[in-house]
Structure formats: structure tokens, C-alpha cells
Amino acid sequence: MLRPRPAGAQRKMAAERIFDRVVPVRLQGRGCEERRLNVRVNIELLSVSNPVHKKDLAVRLTDDTDPFFLYNLVISEEDFQSLKSQQGLLVDFSAFPQKFIDLLQQCIQEQNKDTPRFLLQLVSSAPALDHTAVSLNVVETNPFKHLTHLSLKFLPGTDAEIKKFLANCLKCLKEDKLMLEEKLRRTEEDLTRQLSYTQQSLSEKSRELDKLKNEWTSYTTAVTNKHSQELTSEKERALQAQTQYQQQHEQQKKELETLHQKSIQQLQNRLSELEVINKDLTERRYKGDSTVRELKAKLSGIEDECQRAKQEVLSLRRENTTLDAECHEKEKLINQLQTRVAVLEQEIKDKDQLVTRTKEVLDATQEQKVILEESTEEKQRHIEKLETTIKSLSAELLKANEIIKKLQGDLKTLMSKLKLKNTVTIQQEKLLGEKEERLQKEQRELQEMGQSLRVKEQEVCKLQEQLESAMQKLEESKQLLKTNENVISWLNRQLSEVQMAKRLDTSASTHGGGRAACSPHGMPDRPSFLSSAISHPISPLYAFQNFLEPTHSKNTSSPCPVPKVQFNTQLSKLNRCSDAQTVTATSHPANKENGDHLGLESKYLKRKDDSIPLRGLSQNTLNSEYLRPYLPAKAQPLPKAAGTPASAYFPG
């Protein structure tokens, strides 16, 4: 086995990491059960330059859950040669790291299977991993045995090596932490920028949304009118097309029914004719069967005669010994008869080719020919009888051939007639198929028209729903306008009272000389208006704001200061109504000199979709004794929560 060296034994080295992954390992100890363990395998190539430039392979086994689990192995080129000779390896030191990585990847791929082919075994001589040497085996399992492809021996890490490893881990974690913190800071900055940009875009989009809502209402009305007109026109067209298609369909149906009935009558007539012809043919067949039976009976009689002739031949053979002299003369006659029989055989073969359907008759004649060949050698007397029988058979066969030819001619005529009928029927079927295709096309067009009508009806329903929602929104806006008008009327009443009181004060000041800034009852002076400014309608919001703000008189020693109150209102949907108008009143020159900003700012006149809440009026200011004389008896104090409609606080 290869003796490992500790990883920290070399100096002046440069490490190149080529593999770092978690690999499933089966841990085997002496006297203990096998258990599974996930081990991180780290493979590095160390280039050493002390004193000669070399390359070593460093393998480290660690456990992510156990920081004290550390096993090291360093393989040099000399160590690899001994490992190669011991384990019979076929690769060089340069190709060994990649082959080892390939084996580890195969083990990773096979880990999820029930019976993995490649396994990693961590074998220890001790029952537990207590700082003892360990061997890592790459095992391949097959049905016969376990094959160990590679076995490497690892040494446990010393305390210094474990400390160094943990320090490196801690350093890497700190670097990762710093990287993540920097990344988090950048992402926060990006998100804040995006948030500010999105808020700006949201405000712009809200404005655009209001414009689009107005455009959408006008567009929906136009579209509904247009679609209603199109629907009526499409319905009329569909009804006209449906009536036309139904009329055409009924006409074509009647024509097809008449043609079909005609073709059925023709086919029935043809069937009756064919049945008559079939009866004639069956009668002829029965007659042919009867003739064949008669011929068979004749053949059986001839066979009986042949058997008798054989018996006579036997008797003649006995006499043949005494008739040798006569045999020589009769041999000549036999030769002549043989030539004659050969001619007859050729004629019979020709007739056999013509009569293929009468095989039974031909077989009988062949047997008869064999019998005649044997009988010609033995007997001359029966030759004439046999010739007469053959002639009669040939005549009968000729008659049978003539009958067959006639039947074949009749069949040909019948076949030609049937072909004509088939062509006619095929043409009729083609016409029927074309008409059926036309009907199917028309039915498809009707279905498509029905589907388009359904789609348009659904669109009309959607548009009606949108109209209903728009009408609901209009009703809500009208209710809000009513509440706003009530508020404005109440403010106008208050304003008129304030103006009357102001006129009385100005008249009193002209007669009574310089007065204090406060009234006898502790109330502040009312805001003074120019006589030219009262001629036109004054904005109620402006008047209410001036009414609540204290007057900065030149006499700074005013004993009755009033707390300044801002009247923050959100005017929404007032621009849609022609009755609601905001008019900016001209300020008094005395107020301009004092530097007071009378009237509402532009931020309080922004257009919103919500109701018109009264923001900024605290409960303490409204409950104060300075404002109670100017509020109606039924008015309720405003709560701190903003966003409630003004109709709840100022009843009309």
C-alpha cells in the first residue's frame, strides 16, 4: 500500500483546485455496522519548486457537519509509481487525477439508485474514527463479486493541520460575509433609488389614470353603440343565410331522394335478371354433373372388363409357351399398335390441357391409358374395343368442351354488364359524396357563425358590466359633490356673518379711534376685506382659512393670540362638475405688508380620487373657546384621523 504524507510537509508550493464536492461514502469499522456518511472530497494539484519543480496530488477529506474531521493524502510521482505497481493501474500520473475524478462522479451519479454500481467505502481498522489511518476504496459491484478499482490510504490531520484548516475556513467565511454585506448595501441603495423613482412614476401614473378613465367612459359608450349596431346587422345576415341554406338543403335532399329511388329500382330489376340467369346456370351445372356420373359408371364397367382381361392374360401366358412362333409375327403388329397408342396418348394429353375443370374424368382416362398399355402387350383382341371406347369418350369430351365454351361466353357478357353497372353506381356514389361534402361545409359555416355570435354576445355582456360599474362610480361622485356643495354653502353662510361683523368693526374703529386688536369678549379681529373684493364671490376655503388664521397687526402686544390652523383639503372630482368653481380672492394690502400668505397653496388643490377630507384640524383647536362662537351648534369636533368625508362634520 501507498504510505501517505501529511499535506503540510512541502514548502513553496502553488495549489490548483480541480475537484471540490460532497460525495456519499459508506463507513466500515471493525466490529461495527456499515453506515452512510457525506464527505467533502477536495483534490488539488500542488506545483512544488523546492529544489526541483515537481507536481504533487493532494487529496483532503472533510465533513461539513464535523469541523474536526480531516484526513490528508499527498501523492508524488514516485509514490504514484509504487501505487501503480501495487494496484495494477494502467494510467500515468498526469491522467490519474482526471480518472480519479471520473470515478467519484460515477459514484455521485449512482447514489440515488437502490443497488448502485459504483461505491465509495471508507474502511477503518478501529471501531470508530479516532485519529486512525483510513483507506478510501472505489468499489464496483457486479453479480459475482466486489471489484476495488482504487484504494487510497489517508492519515488523520494533526492538531496544527486542523487549526490551519479551521482558520482557512473562518477566513473564507469572513470574506464571504464581507462580500455579502457589500452586496446587501449596494442592493439597498439600488432599492431606495428604485422606490423613489417608482413613487414619482406612481404619482404620474395616477394622473394619467384619471385622464384614461374619462377617455374610457367616452370610448365604452361609443363601442357599445357600435357593437349593438353590428350585432343587429349580423343577426339579420345570419337569419337570411340560414333560410337560404335551409331551402337549398331541402331542394338537394329531394333531388337525391328521387335519384336514389331510381337507382334502387334499376338495381332491383338487374337483380331479378341475374337471378334468372343464375337459375339457368345451376340447371346446366346439374346436367353436367349427371353426364360426369354416367361417364364414371362407364369407366367402372371398363375397369371390370380390364380385370377379366388380366385373368385371360394369365391363361394366355400358359399357352404362350406353345405359341412362340406366332409371337414373332404378332410382335410386328404390337409395334404398330404401340405407335398408334402413343398417338392416342398425345391426343389425350392435349384434351387434358383443354379440360382443366374435369380432372376426375381425365384421371380416369389416364388410368385407362395405363391399363391399355399393359393390355396391348398381352392381348390384341381387346384393342378394337378399347379404340371404340376412346373414340366415344373423345366425342363426349368435345361436347363437354363446347358446353364449357358457351358458359364462358355467357359469363363474359354478364361480367361486361356488371362492369357497366359498377361504373354507373361509382359515378352516383361520387355525386352523393360531393353533395354530402357541400352539406358538411355549410353546416361548419353555420357553426362558425353561431360561435362568432356567442363571442359578440359575451363581449356585449362585458361592456354592459363595465357600463354598470361606471354608472355606480358616477353616482358615488354625485353624492360626493352634494356633500361638497353642503360644505361650501355652510362656509358661505359663515363668511357672510364674518363680513357683516367686520363691517361693524371698521365703522366702530373710524368713530372710536384706535382700538385694541382684541374684541371685548377676547376674540381676535376679523380679517378685513376690500370693498372691491366683496363684489365678486369669495372662495369659501380662502375665507375659512383667513377666518381661522390670526391677524398680525402692527401692535405686537396683542393679549389674545389665536393658534394658527391649516385647512388641508383634497378636492377630487370637483373639476368634472360645472357648478363647482374655485376663485382666488384678492388679499388685503395690510396683510401683504405683514407678510401673511392668504389663500390655499397649490398642494392643497391637487386632484384625488378619494372623498374630500378635512386634514390638519386638531381636536384641541376646534374645542377651544376661540372657535366655538364661529361653529354651528350641531357641529361635531374633528377627530385626529384623516380621510373622513366633510359631510360627517358639517351637516347641511
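Let me start with helix H1, residues 77-87, where Asp 79, Phe 80 and Leu 83 are buried. Buried means under 20% relative accessible area, with a 1.4 Å probe and protein chains only. The three cover an arc of only 100° around the axis, so they sit on the same side of H1; the arc is taken from the directions that run from the helix axis to the C-beta atoms. Their cover includes strand E4 (70-75), helix H2 (96-109) and strand E7 (146-156). After H1 comes Gly 88, with a positive phi near 65°.

A word on the source. This is a predicted model, in which local features need pLDDT of at least 70 and side-chain atom pairs count only at pLDDT 80 or more, while totals for chains, interfaces and linings use all residues. Residues are numbered from 1 along each chain as its sequence is written, and side-chain values use heavy atoms, leaving out hydrogens and water.

The chain has nine helices and nine strands. These are DSSP runs numbered from the N terminus: helices are H or I with at least four residues, strands are E with at least two. Of the 652 residues, 29% count as buried.

Next, the core. Which residues have the most contacts inside the largest nonpolar core? They are Ile 43, Leu 61 and Phe 100, in a core of 36 residues. H2 gives the largest share of this core, seven residues. A nonpolar core here is a set of buried Ala, Val, Leu, Ile, Met, Phe, Trp, Tyr and Cys residues joined through side-chain atoms within 4.5 Å. Leaving out residues up to four places away in sequence, Leu 61 touches, among others, Val 39, Phe 69, Leu 122 and Phe 154. Contact means heavy atoms within 4.5 Å.

Now Asn 137, in strand E6, residues 134-141. Is Asn 137 buried or exposed? It is buried, at a relative accessible area of 11%. Its side chain makes a polar contact of 2.6 Å with that of Ser 151. A polar contact is a pair of N or O atoms within 3.5 Å; within protein, one must be able to donate a hydrogen and the other to accept it, and residues adjacent in sequence count only if both atoms are side-chain atoms. Beyond four places in sequence, the contacts of Asn 137 include Leu 119, Gln 121 and Leu 150.

Last, an annotation. An unreviewed UniProt entry places "domain: SAS-6 coiled-coil" at residues 159-188; such annotations may be inferred rather than shown by experiment. In the model that span is 100% helix and 0% strand, and its end C-alpha atoms lie 43 Å apart.

Notes: Buried < 20%, exposed > 50% of the residue type's maximum accessible area, 1.4 Å probe, protein only.
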